[in-house]
Amino acid sequence: MANEGSNGGSHVTTKPPPEPSPLRRAKFFQANMRILVTGGAGFIGSHLVDKLMENEKNEVIVADNYFTGSKENLKQWIGHPRFELIRHDVTEPLLVEVDRIYHLACPASPLSFACFLECVTICRDEPLTVQLPGTQTRSFCYVSDMVDGLMRLMEGDNTGPINIGNPGEFTMSELAETVKEMINPEVKIISVENTPDDPRQRKPDITKAKELLGWEPKVKLQQGIPLMEEDFRKRLGILRKN
């Protein structure tokens with residue numbers, strides 16, 4: 001607005017900027033955290049999304065090309081006002097405005113691994129197959145522990161790399177016997193030829209995770225197997241025999 005001065009001149013006055021909403025000063029107010037999860041339709045990614053969506057102040061965006069993931073893993077969130085699903089391949093640029101990114105886009109579906117596939121076949125009363133020699137080792141981290149470790153890494157000040165996993169080491173023969181005993185004692189175990197690129201040992205070193213994140217896995221193999229069986233039976237629609 002222009003006003004006439006006493007000397008016949010004029011000067012311009014401007015209104016002060018509007019005050020922010022009083023809600024911004026309220027104790028309960030907190031801006032939403034926008035979080036992108038690539039590969040969020042996968043096994044670990046979808047469980048991470050479930051945990052992130054528990055916080056009502058989080059807005060979660062999932063980008064997935066469904067190479068190994070599935071919309072079925074996210075069906076409970078589709079249509080939710082704090083959730084967005086984008087079909088996208090991370091090899092192409094994606095422009096989104098977010099505060100945090102969990103980059104989990106990797107074609108590593110549990111159903112693509114032998115060891116996980118065997119737990120599916122035993123639910124169907126089919127024989128377990130163990131690749132020779134059976135002494136090769138694997139370490140299994142239950143998904144809730146993995147999600148907890150990823151969130152601690154994100155919320156901390158350490159950029160890593162930091163191994164998140166369970167150092168409990170089992171031979172594949174031991175795993176097969178344990179699964180048989182806990183799920184179906186009547187199932188047969190069959191030995192098959194191994195693949196040439198099969199690693200002989202897998203055991204993560206989680207020293208940094210313990211020291212820097214105060215994290216270590218809580219769910220042991222014997223605790224995780226029944227939970228995994230229940231989840232797989234629910235996905236496959238197979239009831240357990242009494």
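**Loops, sheet and salt bridges in a predicted model**

Asp-198 lies in the loop between strand S10, which covers 189-192, and helix H5, which covers 207-213. With a relative accessibility of 14%, Asp-198 counts as buried, because buried means under 20% relative accessible area. When neighbours within four places in sequence are left aside, Asp-198 is in contact with Gln-131, Gln-136 and Arg-138. One of these residues, Gln-136, stands 62 residues away from Asp-198 along the chain, and yet the C-alpha atoms of the two are separated by 8.5 Å.

Not counting residues up to four places away in sequence, Tyr-66 touches Ala-41, Lys-71, Leu-85 and Arg-87. The C-alpha atom of Tyr-66 is separated by 8.8 Å from that of Asp-89, a residue 23 places apart from Tyr-66 along the chain.

These two residues can be set against the chain as a whole. The secondary structure comes to six helices and ten strands, and buried residues make up 33% of the 242 residues in the chain. Among contacts between residues at least 6 apart in sequence, 76% join residues that are at least 24 apart. The confidence of the prediction, expressed as pLDDT, averages 86 over the chain, and 85% of the residues score at least 70. Over residues 1-6, however, the pLDDT is below 50, and this stretch has nine contacts in the model beyond near neighbours in sequence.

Part of the strand content is arranged in an open sheet, in which four strands follow the order S5-S4-S3-S6 with parallel pairing. The edges of this sheet are taken by strand S5 (83-87) and strand S6 (100-103), and because each of them has a single partner strand, one side of each is left without a neighbour in the sheet. From one strand to the next, the twist averages 15°. Within the sheet, strand S3 (residues 33-38) and strand S4 (residues 58-64) run parallel and are joined by six bridges. An example of this pairing is given by Leu-36, whose bridge partner in S4 is Ile-61.

Attention then turns to charged side chains. Side chains of opposite charge can pair when their charged atoms come close.

In another salt bridge, formed by Glu-216 and Lys-210, the closest N and O atoms are 3.9 Å apart. Here Glu-216 counts as partly exposed at 45% relative accessibility, and Lys-210 likewise counts as partly exposed at 44%.

Cysteines were considered last. A disulfide is a covalent bond between the sulfur atoms of two cysteines. The count of disulfides in the model comes to zero, where a pair of cysteine sulfur atoms would have to lie within 2.5 Å to be included. Of the cysteines, Cys-106 is exposed, with a relative accessible area of 52%, while Cys-141 is partly exposed, with a relative accessible area of 24%.

Note on methods
Residues are numbered from 1 along each chain as its sequence is written. This is a predicted model: local features need pLDDT of at least 70, side-chain atom pairs count only at pLDDT 80 or more; totals for chains, interfaces and linings use all residues. Side-chain values use heavy atoms; hydrogens and water are left out. A salt bridge is a side-chain nitrogen of Lys or Arg within 4 Å of a carboxyl oxygen of Asp or Glu. Buried means under 20% relative accessible area, exposed over 50%, partly exposed in between (1.4 Å probe, protein chains only). Two strands pair if DSSP finds at least two bridges between them. Helices (H or I, at least four residues) and strands (E, at least two) are DSSP runs, numbered from the N terminus. Axes are lines fitted to C-alpha atoms, for helices over the stretch in contact, and angles run from 0 to 180 degrees between N-to-C directions. pLDDT is the predictor's confidence in each residue, from 0 to 100. Contact means heavy atoms within 4.5 Å.
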